[in-house]
Amino acid sequence: MLITPPFTQLNTSYPASSYLKGFLDEYDVPVSHCDLSIELFTSVFSSDFLRAVFQEAEDLGNDHFPELAERKEQYISRVDLVIDFLQKNDPESAHVILEEDFLPAGHRLKKVNREIEWAEGEEGVIDKAKHYSTLFIEEIGDFIQANVDEFFAFTKYAEQIATSASSFDRIDEFLRYQPTLIEDEMLNILEEKIRTHTPDLIGFTIPFPGNLFAALRCAQFIKQFYPDIHLAFGGGYCNTELRSLEDPRIFELVDFISLDDGEGPLLKMIEYLEGKVTIDELERTFVLEDDQVVYKNHQPNTIHHHRNLPAPDYSGLPFDKYVSFLDVVNPMHRMWTDKRWNKLTISHGCYWSQCSFCDVSLDYIGNYQNTTADDLVDKIEKIMKVTGLTGFHFVDEAAPPKMLKALSKRLIEREVNITWWTNIRFEKTFNEELCQLMAEAGCIAVTGGLEVASDRLLAKMKKGVDIAQVARVTHNFSKHGIMVHAYLMYGFPTETQQETIDSLEVVRQLFEKNCIQSGFWHLFTTTVHSPVGMNPDAFGIIITGPEFEGFAQNDLWHEDPEGTDHPKYTKGLNRALHAYLNKTGFDKELHTWFDFPVVPTSHPEDLIESYLG
């Protein structure tokens, strides 16, 4: 049984277990999979459980958000209809939800923006009800976190103790505490799944730090009550954070921890448990031998090339349970939390693999593999038959322009009508002709890294683009109705205040000229697997920690003697971006977004326009 632990995505299924299920099916391995993330969420946000939440808060003597406790009967009586609506998006429920006083005016709904211009007709009514329902659910989430389980969050769980956990000590300490009310419910669901599917091996995919503790809590339960079941961990967190693992304590809870693509290691584990291979024939897998952590990586590795892998198998997942949230009204921004998407990769890894801030030394980025457009369309058709969904999110590190061109042509030629979006690099290859072709083939949005909008820093990053090229490419997409989301970065090594303010000005102009419709600021973090982390001297920074203590190793602390104090710009950059997302604030001077004096931009007001001329 393959499990996605809480909390990952709530609007659609994370694809790892479906990829592995599709692969193992080809080898006649009976596989079930469980999205424990959505199973737990829908169980928690129900009238019966919510009543238990309020009782637990009272028993613990916690009274944060007292207005919710005072109106608990209204929250309890409304939650089932709200969740049902967020799953079905039906207009009848939308009208009920929007009736005056149906939803309690809690701390989030009181602040709802009444000036949002909703679409005409039924679509606008559904979106408005979806937005109000999202705020209602978030209010309950706030109450749970404040009163019942400090680790609770919608897209992560106990992330704060798994992030930069160079030592296992703190995780080990929290595992010794009694499970919380939320964790007890998670374990009840897990036990039901185990009894239904009777697995011999359970594999947990751990994509993010916010999945680790829940997976460990589940493993702890399984080892106590089902000691004959073997346990394996894999996924993005293991691949990036546990490559130097030395601490044996985690193996009190798990038998195998695999790195990189899971297909080969998982198949070898199964063969090992069946007695077909020895433990030394495992691939890319940590095990415990004589109380020592040992990395087994039999050479040569069995190669399972991207072009030979079958389609992900989404059968068996509870499609009716996923919810569509609408917390941010921006049409591009909402795509991460609204609607259901089939997830599929066009290529494995990144065809560029040079950006100095990126983990290019790791397999999931550095090992680039491709397939054919016909193979992709075959997989698309197969997935649609299983899920009934025609929306696709191609979750590539960077989808290659040549493949997007070939895929678009095949979709049109074979009359396969889908709606899709993907991540790209702002390559000059994305000319008007290609953007138009992609739009005709169903592409509605792209995401891409603009990072620090400074030509000096883009060159230092080895990004392979400049501002002028980004402006022209994003303009080409927008001109053909394809929305653009830009990943934005601040705090890159040696970045000055002038470059930060100039970067904000570029972002302002790109929004104003409708080249981009959405964006998100990330504060730069040095990682141990990136060129910056591996060679900090070349980038003018000093690594100051953390000291590796046997468990996780990824994010590094650094000093930047040449740069500015980057974290203090967070609030101002986000204020400005929030306004631009809502198509306001373009006329405001940049310094007004900040609580301290900043330099004026050195860019002319028509910088982006000059590139589009």
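**Stop 1: the largest nonpolar core.** Select Phe41, Phe45, Ile137 and Phe551. These residues have the most contacts inside the largest nonpolar core, which has 173 residues. Such a core is a set of buried Ala, Val, Leu, Ile, Met, Phe, Trp, Tyr and Cys residues joined through side-chain atoms within 4.5 Å. Buried means under 20% relative accessible area, exposed over 50%, and partly exposed in between, with a 1.4 Å probe and protein chains only. Now colour helix 7 (residues 121-147): its ten residues are the largest share of this core. Helices (H or I, at least four residues) and strands (E, at least two) are DSSP runs, numbered from the N terminus.

This is a predicted model: local features need pLDDT of at least 70, side-chain atom pairs count only at pLDDT 80 or more, and totals for chains, interfaces and linings use all residues. Residues are numbered from 1 along each chain as its sequence is written, and side-chain values use heavy atoms, without hydrogens and water.

Zoom in on Phe41. Leaving out residues up to four places away in sequence, Phe41 touches Phe7, Leu10, Ile83, Ile137, Phe154, Val323 and Phe325. Contact means heavy atoms within 4.5 Å. Then select Ala232, Leu282, Val287 and Leu309, which are among the 16 residues of a second, separate core.

**Stop 2: Tyr322.** Go to the loop between strand 7 (292-296) and strand 8 (342-344), where Tyr322 lies. Is Tyr322 buried or exposed? Tyr322 is buried, with a relative accessible area of 1%. Show its surroundings: contacts beyond four places in sequence include Gln9, Asn11, Asp35, Leu86 and Arg340.

**Stop 3: strand 3.** Select residues 201-205. Five of the five residues of strand 3 are buried, so this strand is largely enclosed by the rest of the structure. Leu201, Gly203 and Thr205 are on one side; Ile202 and Phe204 are on the other.

Strands pair if DSSP finds at least two bridges between them. Strand 1 (residues 2-4) runs parallel to strand 3, joined by two bridges. Ile3 has Phe204 as its bridge partner. Strand 4 (residues 230-234) also runs parallel to strand 3, with five bridges. Here Thr205 stands opposite Gly234.

**Stop 4: helix 13.** Select residues 263-273. Eight of the eleven residues in helix 13 are buried. Among them are Glu263 and Lys268. Strand 1, helix 1 (16-26), strand 3 and strand 4 are included in what covers the buried residues. Past helix 13, look at Gly275: its phi is positive, near 80°.

Stop 5: Three bridges pair strand 15 with strand 16 (residues 555-559). Ile542 has Glu559 as its bridge partner.

**Stop 6: the second largest pocket.** Select Ile116, Val328, Val329, Asn330 and Asn582. Of the 32 lining residues, these lie nearest the centre of the second largest pocket. Which helix gives the most to its lining? Helix 7 does, with four residues. The lining has 14 nonpolar, eight polar and ten charged residues. Ala, Val, Leu, Ile, Met, Phe, Trp, Tyr, Cys and Pro count as nonpolar, Asp, Glu, Lys and Arg as charged, and the others, Gly among them, as polar. A pocket is an open set of points on a 1 Å grid over the protein atoms alone, where a 1.4 Å probe fits, with protein on both sides within 12 Å along at least five of seven lines; lining residues have an atom within 4 Å of a point.
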